[in-house]
Amino acid sequence: MRGLFLACLLALPGFALAEEPVQRIEVVIDGTESGLQGWIAEFRPRAMAAGISTETFDVAMATAHFLPDVVSKDQRQDEFTKTIWEYLDKAVSDDRIALGQKALKEQAAALDRIEATYGVDRQVVVAIWGLESSYGAVKGDIPTLSALATLAYDGRRAAFFEGELIEALKIIQTGDISAAEMKGSWAGAMGHTQFMPSSFQRLAVDFDGDGHRNIWGKSPADALASTAAYLAASGWKKGAPWAVEVTLPQGFDWLQVGSRTQRPMAQWAALGVATANGQALPDGWAALIAPAGARGPAFLVFDNFSAIETYNMADAYVFAVGHLADRLHGGKPFLGGWPRDLRALTYFERREIQQLLTDLGHDTGGVDAKMGPRTLAAIRAFQTARHDLPDGYPSLLVLESLRQASAAR
């Protein structure tokens, strides 16, 4: 999107759809635990070099243990393992809307100040709060240091999680929270709105003036203000749309869909794009995407879409936050239907699609089972070469076509 940085998913403040209390995580005291303790000893000098005191490290890391469930959860994020309609059914349920409207009333005074200070619409801040922790009900009870140490030791994204672990130790060292109190999600995201430690360090604020940036406490004021500060830094435009549902004319060129290239609204109108509810197209520049392919609804997405995307770049998450915010503001459900007869691809099927595309000369950016923009562009290129409708949607039909193309080589 124009002028906005699309952050890697794992560098984001939080990426869990809170729904049920987190179950107790088993600590495995075996060779793996011994391996983690060895890794912690090897990591210690690097933490010292990054500014962590001996006392902080030794006291805090004495509580860190290997958490095997954290490793398995790292491979099963809802944003990538469910269809977008399944994700939205849960994320923007009637209950979540009702609880969000209640939260807007209960936090009205704080939200008045937050909106005035940061210029971010209160509904989107509350929507993130709702998705990340069910409005503070499910903030996570996994020890953050153990989660981050486990993921750094596991090695799949060692550099990232080691960096987050250092930032978490810095937070403890500055006194915002103790090691024992620092708890959150399996991925190290913390508090009401699930900030990763690095995001906390950059953008968390002490909004209630008590001398601490407390995103974990009973009061959500610091967390909500920190989320607004995050969105403001990501380019949020108050009062502007994040997306508008649209209809496409028969015979529309699907190569115009999904590239994330923004065009002025007059160009989209000239191509026959119209709002689904019959209202006038808004002003500004937008890109055109269809998150469920040609059989699902299409949307013009604006800079505010990208602002949400810096929080979590999965399309399902961005649509959930934006749509929940709209519903909290009195908006209606989406008008277009979803292709509910299709199922989500499994982890191994998604990897197979990427591997087959790569083998056929299309760049997916790697084989990681995440259907990101480069993979979707590779699918469109494959579909175009076959003279299929290039909607870029990773379906079983696409997988079967790839298998046939690979076998025919």
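In this predicted model, helix α15 contributes four residues to the lining of the second largest pocket, the largest share. The pocket holds about 800 Å³ of space. Its lining comprises 29 residues, of which Pro 241, Trp 242, Ala 243, Val 244 and Asp 326 are the closest to the centre. The elements that give two or more residues to this lining are α8, β3 and α15.

Helix α6 consists of 13 residues, 94–106, and reaches 18 Å from its first C-alpha to its last, close to the 18 Å expected at 1.5 Å a residue. Five residues of this helix, Arg 96, Ile 97, Gly 100, Ala 103 and Leu 104, are buried. They lie on the same side of α6 because they cover an arc of only 120 degrees around the axis. In general, an α-helix has 3.6 residues a turn, so residues three or four places apart point the same way. On the other side of α6, Asp 94, Asp 95, Lys 105 and Glu 106 are exposed. The packing partners of the buried residues of α6 are α5 (84–91), α7 (108–118), α8 (122–133) and α15 (315–328).

Charged side chains were examined next. Side chains of opposite charge can pair when their charged atoms come close. The structure holds 18 salt bridges, and Arg 260 takes part in two that are described here. In the pair formed by Arg 260 and Glu 309, the closest N and O atoms are 3.0 Å apart. Arg 260 lies in the loop between β3 (243–247) and β4 (263–264), whereas Glu 309 belongs to helix α14 (residues 303–309), so this pair ties together parts that are 49 residues apart in sequence. Both Arg 260 and Glu 309 are buried.

The side chain of Arg 260 also meets that of Asp 315 in a salt bridge, at 2.7 Å from N to O. Since Asp 315 is in helix α15 and Arg 260 in the loop between β3 and β4, the pair ties together parts that are 55 residues apart in sequence. Asp 315 is buried, as is Arg 260.

A further salt bridge joins the side chains of Asp 341 and Arg 295, with an N to O distance of 2.6 Å. Asp 341 is located in the loop between α15 and α16 (347–359) and Arg 295 in the loop between β6 (285–289) and β7 (298–301), so parts that are 46 residues apart in sequence are tied together by this pair. Asp 341 has a relative accessible area of 57% and is therefore exposed, the cut-off being over 50%. Elsewhere, Glu 42, Arg 46 and Glu 162 are linked in a network of salt bridges.

Ser 401 is found in helix α18 (residues 396–407). With a relative accessible area of 9%, Ser 401 counts as buried because this value is under 20%. When residues up to four places away in sequence are not counted, Ser 401 touches Phe 382 and Arg 386. Phe 66 lies in the loop between α2 (54–61) and α3 (68–73). This residue is likewise buried, with a relative accessible area of 8%. The C-alpha atoms of Phe 66 and Ala 147 are separated by 7.7 Å, although these residues are 81 residues apart along the chain.

Methods. Residues are numbered from 1 along each chain as its sequence is written. This is a predicted model: local features need pLDDT of at least 70, side-chain atom pairs count only at pLDDT 80 or more; totals for chains, interfaces and linings use all residues. Side-chain values use heavy atoms; hydrogens and water are left out. The expected span of a helix is 1.5 Å times one less than its number of residues. Buried means under 20% relative accessible area, exposed over 50%, partly exposed in between (1.4 Å probe, protein chains only). The arc is that of the directions from the helix axis to the C-beta atoms. Contact means heavy atoms within 4.5 Å. A salt bridge is a side-chain nitrogen of Lys or Arg within 4 Å of a carboxyl oxygen of Asp or Glu. On a 1 Å grid over the protein atoms alone, a cavity is a set of points where a 1.4 Å probe fits but cannot get out, and a pocket is an open set with protein on both sides within 12 Å along at least five of seven lines; lining residues have an atom within 4 Å of a point. Grid points are joined across faces, edges and corners, and a volume is the space filled by probe spheres set on the points.
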